[in-house]
Amino acid sequence: MAAGLRKRGRSGSAAQAAGLCRQWLYRAWQERRLLLREPRYTLLVAACLCLAEVGITFWVIHRVAYTEIDWKAYMAQVEGVINGTYDYTQLRGDTGPLVYPAGFVYIFMGLYYATGRGTDIRMAQNIFAVLYLATLLLVFLIYHQTCKVPPFVFFFMCCASYRVHSIFVLRLFNDPVAMVLLFLSINLLLAQRWGWGCCCFSLAVSVKMNVLLFAPGLLFLLLTQFGFRGALPKLGICAGLQVALGLPFLLENPVGYLSRSFDLGRQFLFRWTVNWRFLPEALFLHRAFHLALLAAHLTLLLLFALCRWHSTGESILSLLRDPSKRKVPPQPLTPNQIVSTLFTSNFIGICFSRSLHYQFYVWYFHTLPYLLWATPARWLTHLLRLLVLGLIELSWNTYPSTACSSASLHVCHAVILLQLWLGPQPFPKSTQHSKKAH
């Protein structure tokens, strides 16, 4: 009998252990699903993806052939400055004249020396790999603070994009340098370090002008937070840094520097366009088409500023007043207000760009998950959002671009714009309550 009891005891304990094991496995499975769905796990998922990206990025460097496009031209341009030429009209490379502001010159001058006068391509690729990982870290910090995007989306933002890896470590363009400074600026703004945020924003502009697409959103945020008089010192930081960086070139040939580095009328080649391939080349090059795009760009910015970003019930001109003197006292800006305004401002500019080249993908690639998931509409399911991301990636990986790839890119952009317009506003409820109380 004692042996029978011992037998039953052992089988009972084994069954209990098996039950506990099943419960643990079930709990682990449930937690794994939460890790993929809940934004509060962003940092944990981000850490895993960054570790994976270390291996992927360095595998790409060692296994995929480097393609020379602009690197030698960059090095020739900064070498001209090193040799004492400060007249921008005299600075050229293999692919044409220097058309970037002074911050580009100083940063790539550092890369010139770090890579043995631009000859050590592998060293340059390793530096850009670190730059890529720094970009991911800054982007993940933004997503962690907004807490809107489910972590499973980050896989598609990291490991699944061939084009972005190529832009960073196989092409060595200057666009990633500008964007890492931009994301650093946004992190500083989220930390309420407005002066330093504006400084980094201006530094990003000094590398490449595409960062100016974020400027309307930044101006709106500055006016909302500080009013016109309070925003002037921050705008002064942006302008002052541009003057300080460009001073050697401004003293030599101010007209040449401004016309080359901030040339808003520069003509793009039709053969490189990603977004307007379905148009006749004559229309693509026509000034009337460019003016129509500019008008549409400004109109949509104004509509978003009036109807989506500004929600206090007062006239938008009230933003010019000191915040303490407004009828509806402003609420502190939330992370989602800041990020939504900046990302939307940039995206509208992307939609109406005169031309998008392949390296321009990084101008908005890392913002796409936020634009699609932060203001969810019922008609746009997770599957449809992933389909939009996939079609955008496919459009940017179609070389040369086709009428079909360009058209599908515009359709995806239109879906995102519709989502941003129809989705819930990113403003806190307290703002709405104060409006009702007033």
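This is a predicted model: local features need pLDDT of at least 70, side-chain atom pairs count only at pLDDT 80 or more; totals for chains, interfaces and linings use all residues.
Local features need pLDDT of at least 70, side-chain atom pairs count only at pLDDT 80 or more, and totals for chains, interfaces and linings use all residues. Residues are numbered from 1 along each chain as its sequence is written, and side-chain values use heavy atoms, leaving out hydrogens and water.

**Exercise 1.** Work out how helices H8 and H9 are oriented to each other.

*Solution.* Start with the runs: H8 covers residues 175-190 and H9 residues 194-205 (helices are DSSP runs of H or I, at least four residues, numbered from the N terminus). Next, take the axes, which come within 8 Å and cross at roughly 170° (lines fitted to C-alpha atoms over the stretch in contact, with angles from 0 to 180 degrees between N-to-C directions). The helices are therefore roughly antiparallel (angles over 145 degrees).

**Exercise 2.** Which residues does isoleucine 392 touch?

*Solution.* Set aside residues up to four places away in sequence; the partners are then Tyr361, Tyr364, Leu368, Leu409, Cys412 and Ile416 (contact means heavy atoms within 4.5 Å).

**Exercise 3.** Find the salt bridges and place their residues.

*Solution.* There are 2 in the structure (a side-chain nitrogen of Lys or Arg within 4 Å of a carboxyl oxygen of Asp or Glu). One joins arginine 40 to glutamate 38, at 3.2 Å from N to O. Another joins aspartate 175 to lysine 208, at 2.7 Å from N to O. This pair links distant parts of the chain, 33 residues apart: aspartate 175 lies in helix H8, lysine 208 in the loop between H9 and helix H10 (215-252).

Conventions
Helices (H or I, at least four residues) and strands (E, at least two) are DSSP runs, numbered from the N terminus. Angles under 35 degrees count as roughly parallel, over 145 as roughly antiparallel, 65 to 115 as roughly perpendicular and the rest as oblique.
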